Amino acid sequence: MSYLEKKLDDELALELEIERMRGGLQVMGHMEDPDMKEEIEKTKEKLKEKEEESEFQESLYQTLVVKHGYTNDELQDARKALIKSSMQELGVRGKISVKRMGALDEKPFQKIAKERYPAEEADVEAAKLCSLWDDHLRDSAWHPIKVIQIHGIHKEVLNEEDEKLKELKKELGDEVFEAVAQALMERNEYNGSGRYIVPELWNFKEGRKATLKEGVVYLMNLWKHLKPKPKRK
């Protein structure tokens, strides 16, 4: 095992210890025992120390990655491999899982269809509307995005004056509009040329892209729960 691999193992072990302590605090917090107050405070102090140590380890690991000449391509390859493993292993959405960036949320379409069509037709009509707008999203000739400058930085934003988007909001309402707008911006960010859905490692609890470390820790925890337990002799 290389020194870099050992530092990563140490960091992952520390992260697991932090998660264990957080779980312990949650359990103690539900116990109506006044004698536990001191123990809770001690645990909080230890947790704070561990979190500070984890931040230091993360910084050190990143420094080592640069020092050892690991390229961004290699890190991206590792991320892609982790996403592939997650898609194969995770049957349910946890805190860290794979999000399909640019996927069109069907719920607003189902909601509007139930309001406008008989119950026996609603699902079919919702699917038709969703499919239609998914086709629009994949049409690279349609580009309702403009570039603006904020504090000297150029940024791509949705052009809400686009005729097709204005018609969408008028015909199907704000919720459908927001669903299409979010899917559009995600596809533009992750695959602007092809506008395809792209899997991404995601922290659903905090609503952001997950770090590589978070994904590895999550898969390690998942593996611990899924691996066969040894048979008792």
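**View 1. The largest nonpolar core.** Of its 23 residues, Leu104, Phe109, Trp133, Leu168 and Val180 touch the most other members. Helices α4 (107-116), α5, α6 (163-172) and α7 (174-191) each supply at least two residues of this core. The largest share, seven residues, comes from α7. A nonpolar core is a set of buried Ala, Val, Leu, Ile, Met, Phe, Trp, Tyr and Cys residues joined through side-chain atoms within 4.5 Å. Buried means under 20% relative accessible area, exposed over 50%, and partly exposed in between (1.4 Å probe, protein chains only). In soluble globular proteins, nonpolar side chains tend to be buried together. This is a predicted model: local features need pLDDT of at least 70, side-chain atom pairs count only at pLDDT 80 or more, and totals for chains, interfaces and linings use all residues. Residues are numbered from 1 along each chain as its sequence is written, and side-chain values use heavy atoms, with hydrogens and water left out.

**View 2. Around Leu104.** Neighbours within four places in sequence are left aside here. Leu104 is then in contact (heavy atoms within 4.5 Å) with Phe109, Cys130, Trp133, Asp134, Leu137, Ala179, Val180 and Ala183.

View 3. Strand β2 (residues 145-150) pairs with strand β3 (residues 153-158) in the antiparallel sense, over six bridges. Two strands pair if DSSP finds at least two bridges between them. Ile148 stands opposite Lys155 in β3. Two residues separate the strands of this hairpin. His151, in the turn, has a positive phi of about 50°. Helices (H or I, at least four residues) and strands (E, at least two) are DSSP runs, numbered from the N terminus.

**View 4. Pro144 and its contacts.** Pro144 lies in the loop between α5 (119-138) and β2. Pro144 is buried, with a relative accessible area of 1%. Not counting residues up to four places away in sequence, Pro144 touches Val157, Leu158, Asn159, Asp162, Leu165, Leu184 and Arg195. Pro144 and Glu163 are 19 residues apart in sequence, and their C-alpha atoms are 8.8 Å apart in space.

**View 5. Strand β1 and its partner.** Five of the six residues of β1 (residues 96-101) are buried, so this strand is largely enclosed by the rest of the structure. β1 pairs with strand β4 (residues 198-203) in the antiparallel sense, over six bridges. Ile96 stands opposite Asn203 in β4.

**View 6. The annotated segment 151-178.** An unreviewed UniProt entry lists residues 33-60 and 151-178 as "coiled-coil region". UniProt positions are given in the numbering used here, feature names are shortened, and annotations may be inferred rather than shown by experiment. In the model, residues 151-178 are 54% helix and 21% strand. The end C-alpha atoms of this segment are 26 Å apart.

**View 7. Helices α3 and α6, with confidence.** The protein chain has eight helices and five strands. Among these elements, α3 (residues 72-89) has the lowest mean pLDDT (60) and α6 the highest (95). The chain averages a pLDDT of 77, and 67% of the residues score at least 70. pLDDT is the predictor's confidence in each residue, from 0 to 100. Where pLDDT is low, the predicted coordinates should not be read in detail. Of the 233 residues of the chain, 34% count as buried.
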